[in-house]
Amino acid sequence: MSTGTADATDHRISEPPSSIKEFLSYMGPAWVFTASQIGGGEVLSVPLGGAYLGMEGIWLIPLITFTKIFGQYYLVRYGVMTGDTFLDALYEKGWWLKWIFYYVFLGGIIYAIGLSGHLGETAGALNTLVPASTEVWMLLTVLAGLAIVGLRSYGLIEKLATSLLWVFLILIAFVSLQTAGVWAPNLASGLVPSMPGRVDGLGVGGMAFILTMFGWIGAGFGPTVSYVWFAKDKVMGMFEPLDDGVEIDKYDLTDEEIDRLKGWGDIVLWQNLLSSVILAVFSFFMWTAAAATLHVRGIQPSGFTVIPEMAAIFTTQFGQWSAVLFLLTTVAALFSTLIGPLYGMSRLWEDAFALHGLFDNYNITRDTTFRLTILLFSAIPLALNLFIEAPLILFALSGALFAPAIGLMYLSVMYMSFDIDIDSLSPVRKWAVALAVFAGVVMIASGLWEARSSIETIVGLL
(Lines give C-alpha, C1' and ligand atoms only; values in the text may rest on other atoms or scores of the structure.)
Protein backbone atom coordinates (compact mmCIF):
# COMPACT_ATOMS: atom_id res chain seq x y z
CA MET A 1 0.00 0.00 0.00
CA SER A 2 1.16 3.57 -0.60
CA THR A 3 1.81 5.89 2.30
CA GLY A 4 0.65 8.96 0.39
CA THR A 5 3.34 11.12 2.00
CA ALA A 6 4.29 13.07 -1.12
CA ASP A 7 2.67 16.41 -1.82
CA ALA A 8 -0.53 15.65 -3.69
CA THR A 9 0.04 18.62 -5.99
CA ASP A 10 3.67 17.77 -6.75
CA HIS A 11 3.56 14.46 -8.55
CA ARG A 12 6.91 13.16 -9.67
CA ILE A 13 5.42 10.92 -12.36
CA SER A 14 3.69 12.45 -15.36
CA GLU A 15 0.26 11.36 -16.52
CA PRO A 16 0.45 8.68 -19.25
CA PRO A 17 -0.64 9.62 -22.78
CA SER A 18 -4.41 10.05 -23.02
CA SER A 19 -4.81 10.60 -26.77
CA ILE A 20 -3.68 8.71 -29.85
CA LYS A 21 -1.30 11.53 -30.78
CA GLU A 22 0.32 11.48 -27.33
CA PHE A 23 0.48 7.68 -27.37
CA LEU A 24 2.24 7.66 -30.74
CA SER A 25 4.79 10.15 -29.41
CA TYR A 26 5.85 7.42 -26.95
CA MET A 27 5.89 4.61 -29.50
CA GLY A 28 9.57 5.22 -30.26
CA PRO A 29 10.93 2.31 -28.17
CA ALA A 30 8.45 -0.06 -29.81
CA TRP A 31 9.31 1.26 -33.29
CA VAL A 32 13.03 0.68 -32.66
CA PHE A 33 12.34 -2.81 -31.33
CA THR A 34 10.10 -3.64 -34.30
CA ALA A 35 12.61 -2.33 -36.82
CA SER A 36 15.39 -4.27 -35.10
CA GLN A 37 13.38 -7.48 -35.14
CA ILE A 38 12.12 -7.07 -38.72
CA GLY A 39 15.66 -6.55 -39.94
CA GLY A 40 16.67 -9.69 -38.07
CA GLY A 41 14.62 -12.84 -37.74
CA GLU A 42 11.84 -11.75 -40.05
CA VAL A 43 14.01 -10.69 -43.01
CA LEU A 44 16.38 -13.66 -42.80
CA SER A 45 14.37 -16.64 -41.60
CA VAL A 46 10.79 -15.93 -42.71
CA PRO A 47 11.51 -15.74 -46.48
CA LEU A 48 13.47 -18.99 -46.17
CA GLY A 49 10.31 -20.61 -44.82
CA GLY A 50 8.31 -19.35 -47.80
CA ALA A 51 11.01 -20.27 -50.32
CA TYR A 52 11.48 -23.84 -49.07
CA LEU A 53 8.00 -24.70 -47.78
CA GLY A 54 5.59 -22.58 -49.80
CA MET A 55 2.53 -21.88 -47.63
CA GLU A 56 3.21 -24.87 -45.39
CA GLY A 57 4.12 -23.69 -41.91
CA ILE A 58 2.76 -20.14 -42.16
CA TRP A 59 0.58 -20.98 -39.15
CA LEU A 60 3.66 -20.42 -37.00
CA ILE A 61 3.59 -16.66 -37.56
CA PRO A 62 0.47 -15.74 -35.52
CA LEU A 63 1.23 -18.40 -32.90
CA ILE A 64 4.71 -17.07 -32.20
CA THR A 65 4.22 -13.32 -32.52
CA PHE A 66 1.17 -13.25 -30.24
CA THR A 67 2.67 -15.34 -27.43
CA LYS A 68 6.28 -14.16 -27.15
CA ILE A 69 5.23 -10.53 -26.99
CA PHE A 70 3.85 -10.91 -23.46
CA GLY A 71 7.15 -12.03 -21.97
CA GLN A 72 8.73 -8.92 -23.44
CA TYR A 73 5.83 -6.79 -22.18
CA TYR A 74 6.52 -7.79 -18.59
CA LEU A 75 10.26 -7.16 -18.97
CA VAL A 76 9.60 -3.56 -20.00
CA ARG A 77 6.67 -3.13 -17.60
CA TYR A 78 8.83 -4.10 -14.63
CA GLY A 79 11.26 -1.26 -15.31
CA VAL A 80 8.47 1.26 -15.87
CA MET A 81 6.79 0.19 -12.60
CA THR A 82 9.91 0.15 -10.42
CA GLY A 83 12.58 2.34 -12.04
CA ASP A 84 14.94 -0.67 -12.01
CA THR A 85 15.76 -2.58 -15.15
CA PHE A 86 15.25 -6.32 -14.80
CA LEU A 87 19.07 -6.64 -14.96
CA ASP A 88 19.51 -4.42 -11.89
CA ALA A 89 16.83 -6.38 -10.07
CA LEU A 90 18.42 -9.74 -10.90
CA TYR A 91 21.78 -8.55 -9.60
CA GLU A 92 20.24 -7.66 -6.24
CA LYS A 93 18.67 -11.12 -5.81
CA GLY A 94 20.25 -14.21 -4.28
CA TRP A 95 22.37 -16.51 -6.38
CA TRP A 96 19.36 -18.64 -7.27
CA LEU A 97 18.38 -15.73 -9.57
CA LYS A 98 21.58 -13.72 -9.80
CA TRP A 99 23.23 -16.24 -12.11
CA ILE A 100 20.66 -15.27 -14.78
CA PHE A 101 22.17 -11.77 -14.60
CA TYR A 102 25.50 -13.14 -15.84
CA TYR A 103 23.81 -15.33 -18.46
CA VAL A 104 22.06 -12.25 -19.88
CA PHE A 105 25.28 -10.26 -19.63
CA LEU A 106 27.24 -12.88 -21.58
CA GLY A 107 24.28 -13.09 -23.94
CA GLY A 108 25.64 -9.91 -25.48
CA ILE A 109 28.51 -11.93 -26.92
CA ILE A 110 26.15 -14.69 -28.04
CA TYR A 111 23.95 -12.13 -29.76
CA ALA A 112 26.99 -10.67 -31.49
CA ILE A 113 27.50 -14.11 -33.06
CA GLY A 114 23.99 -13.87 -34.48
CA LEU A 115 24.72 -10.43 -35.87
CA SER A 116 27.07 -12.16 -38.30
CA GLY A 117 23.96 -13.21 -40.21
CA HIS A 118 22.65 -9.65 -40.43
CA LEU A 119 26.06 -8.29 -41.37
CA GLY A 120 26.66 -10.97 -44.00
CA GLU A 121 23.28 -10.46 -45.65
CA THR A 122 23.67 -6.67 -45.59
CA ALA A 123 27.03 -6.99 -47.31
CA GLY A 124 25.62 -9.52 -49.79
CA ALA A 125 22.83 -7.15 -50.78
CA LEU A 126 25.21 -4.19 -51.11
CA ASN A 127 27.59 -6.27 -53.21
CA THR A 128 24.72 -7.09 -55.58
CA LEU A 129 24.01 -3.39 -55.99
CA VAL A 130 27.63 -2.28 -56.32
CA PRO A 131 29.98 -5.24 -56.96
CA ALA A 132 33.17 -5.07 -54.92
CA SER A 133 33.39 -7.90 -52.40
CA THR A 134 31.33 -8.95 -49.40
CA GLU A 135 34.39 -8.41 -47.22
CA VAL A 136 34.70 -4.77 -48.26
CA TRP A 137 30.99 -4.13 -47.74
CA MET A 138 31.02 -5.83 -44.34
CA LEU A 139 33.85 -3.58 -43.22
CA LEU A 140 32.11 -0.44 -44.52
CA THR A 141 28.83 -1.48 -42.86
CA VAL A 142 30.56 -1.98 -39.51
CA LEU A 143 32.26 1.42 -39.77
CA ALA A 144 28.94 3.11 -40.57
CA GLY A 145 27.26 1.40 -37.62
CA LEU A 146 30.05 2.43 -35.27
CA ALA A 147 29.83 6.03 -36.47
CA ILE A 148 26.09 6.22 -35.74
CA VAL A 149 25.90 4.23 -32.50
CA GLY A 150 29.08 5.87 -31.22
CA LEU A 151 27.20 9.18 -31.03
CA ARG A 152 25.24 7.62 -28.13
CA SER A 153 22.03 9.29 -29.27
CA TYR A 154 18.85 7.33 -28.61
CA GLY A 155 16.88 10.01 -30.49
CA LEU A 156 18.92 9.44 -33.66
CA ILE A 157 18.51 5.66 -33.40
CA GLU A 158 14.75 6.08 -32.95
CA LYS A 159 14.33 8.35 -35.99
CA LEU A 160 16.43 6.14 -38.28
CA ALA A 161 14.81 2.88 -37.21
CA THR A 162 11.26 4.24 -37.45
CA SER A 163 11.80 5.60 -40.96
CA LEU A 164 13.44 2.41 -42.22
CA LEU A 165 10.71 0.27 -40.65
CA TRP A 166 7.81 1.90 -42.49
CA VAL A 167 9.53 2.15 -45.87
CA PHE A 168 10.34 -1.55 -45.88
CA LEU A 169 6.94 -2.61 -44.51
CA ILE A 170 5.05 -0.71 -47.21
CA LEU A 171 7.27 -2.11 -49.97
CA ILE A 172 6.98 -5.77 -49.00
CA ALA A 173 3.21 -5.42 -48.43
CA PHE A 174 2.87 -4.09 -51.97
CA VAL A 175 4.67 -7.01 -53.62
CA SER A 176 2.89 -9.62 -51.47
CA LEU A 177 -0.53 -8.30 -52.41
CA GLN A 178 0.50 -8.20 -56.05
CA THR A 179 1.22 -11.94 -55.90
CA ALA A 180 -1.89 -12.86 -53.89
CA GLY A 181 -3.32 -14.80 -56.81
CA VAL A 182 -0.52 -17.36 -56.36
CA TRP A 183 -0.48 -17.84 -52.57
CA ALA A 184 -4.09 -17.11 -51.56
CA PRO A 185 -5.51 -20.50 -52.74
CA ASN A 186 -3.15 -22.32 -50.35
CA LEU A 187 -3.55 -19.96 -47.39
CA ALA A 188 -6.25 -21.97 -45.59
CA SER A 189 -4.23 -25.19 -45.66
CA GLY A 190 -1.09 -23.33 -44.58
CA LEU A 191 -2.85 -22.04 -41.46
CA VAL A 192 -3.60 -25.61 -40.33
CA PRO A 193 -0.85 -26.73 -37.90
CA SER A 194 1.44 -29.35 -39.42
CA MET A 195 5.06 -30.46 -39.13
CA PRO A 196 7.14 -28.44 -41.65
CA GLY A 197 9.68 -30.01 -43.96
CA ARG A 198 13.42 -29.35 -43.92
CA VAL A 199 14.80 -25.87 -44.65
CA ASP A 200 18.41 -26.41 -45.73
CA GLY A 201 19.07 -22.67 -45.68
CA LEU A 202 18.84 -22.87 -41.88
CA GLY A 203 20.03 -26.47 -41.63
CA VAL A 204 16.89 -27.60 -39.76
CA GLY A 205 13.48 -29.11 -40.36
CA GLY A 206 10.45 -30.46 -38.53
CA MET A 207 10.34 -29.64 -34.82
CA ALA A 208 13.81 -28.05 -35.01
CA PHE A 209 12.49 -25.60 -37.61
CA ILE A 210 9.49 -24.77 -35.41
CA LEU A 211 11.76 -24.11 -32.46
CA THR A 212 14.12 -22.05 -34.63
CA MET A 213 11.17 -19.91 -35.68
CA PHE A 214 10.21 -19.48 -32.02
CA GLY A 215 13.70 -18.11 -31.47
CA TRP A 216 13.74 -15.71 -34.41
CA ILE A 217 10.17 -14.62 -35.21
CA GLY A 218 8.85 -12.01 -32.80
CA ALA A 219 10.78 -10.86 -29.78
CA GLY A 220 14.45 -11.86 -30.10
CA PHE A 221 17.20 -11.55 -27.51
CA GLY A 222 18.98 -8.41 -28.71
CA PRO A 223 15.86 -6.36 -29.54
CA THR A 224 14.06 -7.58 -26.40
CA VAL A 225 16.87 -6.64 -24.04
CA SER A 226 17.45 -3.38 -25.86
CA TYR A 227 13.74 -2.44 -25.61
CA VAL A 228 14.13 -2.09 -21.83
CA TRP A 229 16.90 0.48 -22.25
CA PHE A 230 14.95 2.27 -24.99
CA ALA A 231 12.07 2.72 -22.51
CA LYS A 232 14.54 3.97 -19.92
CA ASP A 233 16.02 6.52 -22.31
CA LYS A 234 12.48 7.53 -23.37
CA VAL A 235 11.87 8.33 -19.67
CA MET A 236 8.64 6.42 -19.07
CA GLY A 237 6.95 5.84 -15.68
CA MET A 238 9.35 5.47 -12.74
CA PHE A 239 12.27 6.23 -15.03
CA GLU A 240 11.09 9.88 -15.06
CA PRO A 241 11.98 10.91 -11.48
CA LEU A 242 15.26 9.03 -11.73
CA ASP A 243 16.08 10.90 -14.92
CA ASP A 244 15.29 14.15 -13.09
CA GLY A 245 17.69 13.21 -10.28
CA VAL A 246 14.85 12.76 -7.78
CA GLU A 247 15.27 10.07 -5.15
CA ILE A 248 12.05 8.10 -5.01
CA ASP A 249 10.91 5.14 -2.95
CA LYS A 250 8.07 2.97 -4.20
CA TYR A 251 6.59 2.99 -0.69
CA ASP A 252 6.48 6.79 -0.79
CA LEU A 253 4.26 6.95 -3.86
CA THR A 254 0.95 8.72 -3.62
CA ASP A 255 -2.22 6.95 -4.66
CA GLU A 256 -2.41 9.14 -7.75
CA GLU A 257 1.20 8.35 -8.69
CA ILE A 258 0.41 4.66 -8.41
CA ASP A 259 -2.56 5.15 -10.71
CA ARG A 260 -0.30 6.94 -13.17
CA LEU A 261 2.21 4.09 -13.06
CA LYS A 262 -0.58 1.62 -13.80
CA GLY A 263 -1.50 3.81 -16.76
CA TRP A 264 2.09 3.70 -17.99
CA GLY A 265 1.96 -0.08 -17.67
CA ASP A 266 -1.07 -0.08 -19.97
CA ILE A 267 0.86 2.09 -22.44
CA VAL A 268 3.64 -0.51 -22.49
CA LEU A 269 1.03 -3.23 -23.15
CA TRP A 270 -0.44 -1.34 -26.11
CA GLN A 271 3.05 -0.63 -27.42
CA ASN A 272 3.83 -4.34 -27.43
CA LEU A 273 0.49 -5.36 -28.92
CA LEU A 274 0.89 -2.88 -31.78
CA SER A 275 4.45 -4.03 -32.33
CA SER A 276 3.28 -7.65 -32.38
CA VAL A 277 0.62 -6.86 -35.00
CA ILE A 278 3.22 -5.18 -37.21
CA LEU A 279 5.62 -8.10 -36.83
CA ALA A 280 2.88 -10.59 -37.68
CA VAL A 281 1.68 -8.65 -40.72
CA PHE A 282 5.21 -8.07 -41.99
CA SER A 283 6.17 -11.73 -41.50
CA PHE A 284 3.02 -12.77 -43.35
CA PHE A 285 3.89 -10.55 -46.30
CA MET A 286 7.50 -11.75 -46.40
CA TRP A 287 6.50 -15.42 -46.26
CA THR A 288 3.77 -15.14 -48.91
CA ALA A 289 5.95 -13.09 -51.27
CA ALA A 290 8.69 -15.73 -51.10
CA ALA A 291 6.18 -18.58 -51.45
CA ALA A 292 4.59 -16.99 -54.53
CA THR A 293 7.87 -16.43 -56.37
CA LEU A 294 10.93 -18.27 -55.06
CA HIS A 295 9.09 -21.45 -54.05
CA VAL A 296 7.19 -21.88 -57.30
CA ARG A 297 10.49 -21.55 -59.21
CA GLY A 298 12.36 -23.95 -56.96
CA ILE A 299 14.79 -21.26 -55.76
CA GLN A 300 16.24 -22.22 -52.35
CA PRO A 301 18.63 -19.50 -51.18
CA SER A 302 21.35 -19.89 -48.54
CA GLY A 303 24.53 -18.21 -47.32
CA PHE A 304 24.96 -14.62 -48.49
CA THR A 305 22.38 -15.11 -51.29
CA VAL A 306 19.09 -14.90 -49.39
CA ILE A 307 18.46 -11.20 -49.95
CA PRO A 308 19.78 -11.10 -53.55
CA GLU A 309 17.52 -14.07 -54.38
CA MET A 310 14.60 -12.25 -52.76
CA ALA A 311 15.26 -9.42 -55.20
CA ALA A 312 14.13 -11.84 -57.92
CA ILE A 313 10.60 -11.34 -56.56
CA PHE A 314 10.66 -7.72 -57.63
CA THR A 315 12.53 -8.29 -60.88
CA THR A 316 9.91 -10.86 -61.93
CA GLN A 317 6.94 -8.70 -61.03
CA PHE A 318 7.97 -5.13 -61.81
CA GLY A 319 11.39 -5.03 -63.49
CA GLN A 320 14.98 -4.40 -62.50
CA TRP A 321 14.31 -0.96 -61.01
CA SER A 322 12.11 -2.50 -58.31
CA ALA A 323 14.80 -5.06 -57.44
CA VAL A 324 17.24 -2.21 -56.84
CA LEU A 325 14.67 -0.45 -54.65
CA PHE A 326 14.08 -3.68 -52.71
CA LEU A 327 17.79 -4.20 -52.13
CA LEU A 328 18.23 -0.63 -50.91
CA THR A 329 15.32 -0.86 -48.47
CA THR A 330 16.42 -4.32 -47.29
CA VAL A 331 19.90 -3.01 -46.61
CA ALA A 332 18.28 -0.22 -44.61
CA ALA A 333 16.15 -2.69 -42.62
CA LEU A 334 19.10 -4.97 -41.91
CA PHE A 335 21.18 -1.97 -40.90
CA SER A 336 18.52 -0.94 -38.38
CA THR A 337 18.91 -4.38 -36.80
CA LEU A 338 22.62 -3.78 -36.44
CA ILE A 339 22.42 -0.33 -34.86
CA GLY A 340 19.39 -0.80 -32.56
CA PRO A 341 20.59 -3.81 -30.53
CA LEU A 342 24.20 -2.63 -30.80
CA TYR A 343 23.10 0.47 -28.89
CA GLY A 344 20.85 -1.40 -26.44
CA MET A 345 23.24 -4.25 -25.65
CA SER A 346 26.09 -1.80 -25.10
CA ARG A 347 23.89 0.15 -22.68
CA LEU A 348 23.20 -3.12 -20.86
CA TRP A 349 26.91 -3.84 -20.48
CA GLU A 350 27.54 -0.27 -19.36
CA ASP A 351 24.96 -0.60 -16.56
CA ALA A 352 26.29 -4.05 -15.65
CA PHE A 353 29.79 -2.66 -15.19
CA ALA A 354 28.33 0.17 -13.08
CA LEU A 355 26.73 -2.40 -10.75
CA HIS A 356 30.19 -3.91 -10.25
CA GLY A 357 31.66 -0.52 -9.27
CA LEU A 358 33.79 -0.03 -12.39
CA PHE A 359 33.18 3.72 -12.62
CA ASP A 360 33.54 4.28 -8.88
CA ASN A 361 36.81 2.39 -8.48
CA TYR A 362 38.63 3.09 -11.73
CA ASN A 363 39.38 6.14 -13.84
CA ILE A 364 37.11 5.23 -16.72
CA THR A 365 33.93 6.91 -17.90
CA ARG A 366 30.59 5.48 -19.00
CA ASP A 367 31.08 6.89 -22.50
CA THR A 368 34.44 5.16 -22.89
CA THR A 369 33.01 1.85 -21.71
CA PHE A 370 30.04 2.20 -24.05
CA ARG A 371 32.27 2.84 -27.06
CA LEU A 372 34.66 0.00 -26.21
CA THR A 373 31.66 -2.32 -25.95
CA ILE A 374 30.27 -1.38 -29.36
CA LEU A 375 33.71 -2.04 -30.81
CA LEU A 376 33.67 -5.53 -29.31
CA PHE A 377 30.13 -6.30 -30.48
CA SER A 378 31.07 -5.14 -33.99
CA ALA A 379 34.35 -7.03 -34.18
CA ILE A 380 32.81 -10.40 -33.31
CA PRO A 381 30.42 -10.74 -36.29
CA LEU A 382 32.96 -9.19 -38.65
CA ALA A 383 35.65 -11.71 -37.64
CA LEU A 384 33.24 -14.66 -37.83
CA ASN A 385 32.11 -13.73 -41.33
CA LEU A 386 35.68 -13.32 -42.54
CA PHE A 387 36.69 -16.79 -41.32
CA ILE A 388 33.40 -18.77 -41.46
CA GLU A 389 31.25 -17.96 -44.47
CA ALA A 390 28.05 -19.38 -43.00
CA PRO A 391 26.05 -16.40 -41.69
CA LEU A 392 22.69 -18.15 -41.43
CA ILE A 393 24.14 -21.17 -39.62
CA LEU A 394 25.77 -18.78 -37.13
CA PHE A 395 22.44 -16.99 -36.99
CA ALA A 396 20.68 -20.24 -36.02
CA LEU A 397 23.43 -21.20 -33.55
CA SER A 398 23.13 -17.85 -31.81
CA GLY A 399 19.38 -18.34 -31.58
CA ALA A 400 19.83 -21.74 -29.98
CA LEU A 401 22.27 -20.41 -27.41
CA PHE A 402 20.32 -17.36 -26.30
CA ALA A 403 16.78 -18.78 -26.58
CA PRO A 404 17.06 -20.18 -23.04
CA ALA A 405 18.21 -16.74 -21.87
CA ILE A 406 15.02 -15.20 -23.23
CA GLY A 407 12.93 -17.86 -21.49
CA LEU A 408 14.76 -17.37 -18.21
CA MET A 409 14.30 -13.59 -18.46
CA TYR A 410 10.56 -14.04 -19.00
CA LEU A 411 10.16 -16.39 -16.04
CA SER A 412 12.40 -14.46 -13.66
CA VAL A 413 10.73 -11.12 -14.40
CA MET A 414 7.33 -12.70 -13.80
CA TYR A 415 8.50 -13.77 -10.35
CA MET A 416 9.92 -10.32 -9.62
CA SER A 417 6.78 -8.60 -10.91
CA PHE A 418 4.71 -10.38 -8.26
CA ASP A 419 7.36 -9.48 -5.69
CA ILE A 420 7.00 -5.70 -6.11
CA ASP A 421 5.17 -5.57 -2.72
CA ILE A 422 2.63 -3.00 -3.88
CA ASP A 423 -0.28 -5.20 -4.88
CA SER A 424 -1.81 -2.70 -7.28
CA LEU A 425 1.42 -2.62 -9.34
CA SER A 426 1.66 -6.40 -9.68
CA PRO A 427 0.34 -8.08 -12.87
CA VAL A 428 -3.45 -8.47 -12.91
CA ARG A 429 -4.13 -9.96 -16.36
CA LYS A 430 -4.04 -13.71 -15.77
CA TRP A 431 -4.26 -14.54 -19.49
CA ALA A 432 -1.22 -12.33 -20.23
CA VAL A 433 0.72 -13.93 -17.36
CA ALA A 434 -0.13 -17.39 -18.71
CA LEU A 435 1.08 -16.47 -22.22
CA ALA A 436 4.30 -14.99 -20.82
CA VAL A 437 5.02 -18.16 -18.82
CA PHE A 438 4.20 -20.32 -21.86
CA ALA A 439 6.59 -18.27 -24.01
CA GLY A 440 9.32 -18.58 -21.39
CA VAL A 441 9.03 -22.36 -21.17
CA VAL A 442 8.95 -22.77 -24.96
CA MET A 443 12.01 -20.56 -25.43
CA ILE A 444 14.02 -22.61 -22.94
CA ALA A 445 12.93 -25.83 -24.63
CA SER A 446 13.65 -24.48 -28.11
CA GLY A 447 17.20 -23.50 -27.22
CA LEU A 448 18.01 -26.86 -25.63
CA TRP A 449 16.44 -28.73 -28.56
CA GLU A 450 18.24 -26.82 -31.30
CA ALA A 451 21.65 -26.21 -29.72
CA ARG A 452 23.07 -29.69 -30.32
CA SER A 453 22.30 -29.85 -34.05
CA SER A 454 23.50 -26.28 -34.65
CA ILE A 455 26.77 -26.91 -32.84
CA GLU A 456 27.31 -30.13 -34.82
CA THR A 457 26.79 -28.17 -38.06
CA ILE A 458 29.37 -25.55 -37.03
CA VAL A 459 31.90 -28.26 -36.08
CA GLY A 460 31.41 -29.79 -39.49
CA LEU A 461 32.33 -26.50 -41.15
CA LEU A 462 35.59 -26.09 -39.20
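## Burial and the Tyr–Trp pair

A residue counts as buried when its relative accessible area is under 20%, and as partly exposed when the value lies between that limit and 50%. In this predicted model, W264 has a relative accessibility of 1%, so W264 is buried. Y26, with a relative accessible area of 24%, is partly exposed.

A pair of aromatic rings is described by the distance of the centres and the angle of the planes.

## A stacked pair between two helices

F105 and W349 have ring centres 4.3 Å apart and planes at 20°, which means that the pair is stacked. Because F105 is in helix α5 (residues 95-129) and W349 is in helix α15 (residues 320-355), this contact ties together parts that are 244 residues apart in sequence. Both residues, F105 and W349, are buried.

## A cluster and charges over rings

Which residues form one aromatic cluster? The members are Y91, W95, F101 and Y102. One of them, Y91, also has a charged neighbour: K98 lies over the face of the Y91 ring, 4.1 Å from its centre.

A further charge is found at F370, where R152 lies over the ring face at 5.0 Å from the ring centre.

Key
Residues numbered from 1 in each chain as written. Predicted model: local features only at pLDDT ≥ 70, side-chain atom pairs only at ≥ 80, totals over all residues. Heavy atoms only, no water. Buried < 20%, exposed > 50% of the residue type's maximum accessible area, 1.4 Å probe, protein only. Phe/Tyr/Trp six-rings, centres within 6.5 Å; stacked < 30°, edge-to-face > 60°. Helix = DSSP H or I, 4+ residues; strand = E, 2+ residues; numbered from the N terminus. Lys NZ or Arg CZ within 6 Å of the ring centre and 35° of its normal.
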